[in-house]
Amino acid sequence: MSHPSASREPAGEPDDYLERRRLRRGSAGWLLLTGLGVAYVVSGDYSGWNFGLAEGGFGGLAIAMVLMGAMYTCMVFALAELSSILPTAGGGYGFARRALGPWGGFLTGTAILIEYVLAPAAISIFIGDYVESLGLFGLESGWPVYLACFVVFIGIHLWGVGEALRFSFVVTGIAVAALVVFALAALPEFDASSLDDIPVDSEALGASSWLPMGLLGIWAAFPFGMWFFLGVEGVPLAAEETREPARTLPRAIRWSMGILVVLALMTFFTAAGARGSSAIQDAGNPLVEALQPDGEATAWSRIVNYAGLAGLVASFFSLIYAGSRQLFALSRAGYLPRFLSLTSSRRAPYLGLVVPGAIGFALAASTGNGARMLNIAVFGATISYALMSLSHIVLRRREPELPRPYRTPGGVLTSSVALVLACAALVATFLVDVTAAFIALAVYIVALAYFGLYSRRHLVAKAPEEEFAALAAAEAELARD
């Protein structure tokens, strides 16, 4: 049963509609999914977070990292519960669809798409910068490198999800091992007095050596504190390709977050303490900079430099996967053009991979502005975090008897903390890059116009996320009768 204006299957849809839109089941266990969760994020340990030092100083970024870490921890516990209830490729869209209706589902899914289409485009630019700085094959950063990234790595995804996740796992392992190597190499140079060496803005409210930009600097550093964890929420998007998803997804999400917290603390403190916050606050490659006090390359800095490229590849590769699965789910349910959800003989959503990849390449080649694209991605991410956390609260309140193979520790208090911090992070994006925030809003408005004027009247009732929502509507109607 479905609402006539919210979940209507188009007339004349063939009987094999879902068969032509089927992913490969059982391709991943909890270990590969844990690797996927770390892969989404690991490039953020190598670069990007350090710009938060310029916004809030060491103390401001440290507080921002703790608060954003708390937000992600609370959110992933909520997502672990939600993914055990509804293990489908829709992920956050599916959760919000059940809790907040079709508009809430579309708002959430679109925000996730903004994150997962823009972030790979930005990372392809950073990969180009690394390739040029390392002198690999004499290449310079530019559209040929960006194109090679998209073609090669989308090609691996088209080969098959099992092969793709195993490739991602290996590359992620290299990047994580190099972070441990970095910390061990940097520790002998650690000096606590170097942490707060950024000049103090005496006019800022609450300014001190630990908070050189004052209390407002903490808030401005929120988006950069997110870089240590940004993307881990994509693990549930692998639900339909997972063995025993109700058990596997919560376990993988929790393990991913635990590993990322350890990596964040280790990287942040050793990098700032080895060279000083002031020296790395504007560096494009802060870990390498931290290992080169005299500006001369060392054996350790070269290892970390090459591993940084591996980390970028891991995140680029896994974010392409996440974006394709979110696009696949929204398209399969009719929120976006349905042809985008067709799968190949190897059960890969080929158009869901190629179309966002083409958009990402075009953005990278035409703008070359990776930082702005990442800020747009962060804006989309914070909207999705708020809506997914709200979905957990709504389902706990409205459907307390819904079977929950995994239950979030702390219940709605946990997801409420995530909701409040996500809203604070959303506002903070305007403090960092107001242009990026308004670009994201413009994309949102166009997408909402498409949904409001067309696709909300052409939804596919037998898509898994729509069936799940329709069941809730039917149960509510029976309860009223």
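Ser-391 is buried, at 0% relative accessibility. Buried means under 20% relative accessible area, exposed over 50%, and partly exposed in between, with a 1.4 Å probe and protein chains only. The model is predicted: local features need pLDDT of at least 70, side-chain atom pairs count only at pLDDT 80 or more, and totals for chains, interfaces and linings use all residues. Residues are numbered from 1 along each chain as its sequence is written, and side-chain values use heavy atoms, leaving out hydrogens and water.

Ser-391 lies in helix H14. Helices are DSSP runs (H or I, at least four residues), as are strands (E, at least two), numbered from the N terminus. Leaving aside neighbours within four places in sequence, Ser-391 is in contact with Phe-95, Ala-96, Ala-99 and Leu-100. Contact means heavy atoms within 4.5 Å.

Helix H14 also holds Ala-371.

| Residue | Relative accessibility | Class |
|---|---|---|
| Ser-391 | 0% | buried |
| Cys-149 | 6% | buried |
| Cys-423 | 35% | partly exposed |
| Ala-371 | 44% | partly exposed |

Now the cysteines. The structure holds zero disulfides (pairs of cysteine sulfur atoms within 2.5 Å). Cys-423 is in none; its nearest cysteine sulfur, that of Cys-74, is 14 Å away.

The largest nonpolar core has 149 residues. Such a core is a set of buried Ala, Val, Leu, Ile, Met, Phe, Trp, Tyr and Cys residues joined through side-chain atoms within 4.5 Å. Helix H4 (residues 92-134) gives the most to this core, with 20 residues. Among the residues with the most contacts inside the core are Tyr-46, Trp-49 and Phe-268. Beyond four places in sequence, the contacts of Trp-49 include Phe-224, Trp-227, Phe-268 and Pro-286.

The largest pocket holds about 630 Å³ of space. A pocket is an open set of points on a 1 Å grid over the protein atoms alone, where a 1.4 Å probe fits, with protein on both sides within 12 Å along at least five of seven lines; lining residues have an atom within 4 Å of a point. The volume is the space filled by probe spheres set on the points, which are joined across faces, edges and corners.

Of the 25 lining residues, the closest to the pocket centre are Ile-114, Val-117, Leu-118, Ile-359 and Val-443. H4 supplies the largest share of the lining, six residues. The lining divides into 21 nonpolar, three polar and one charged.

Terms used:
Nonpolar A, V, L, I, M, F, W, Y, C, P; charged D, E, K, R; others polar.
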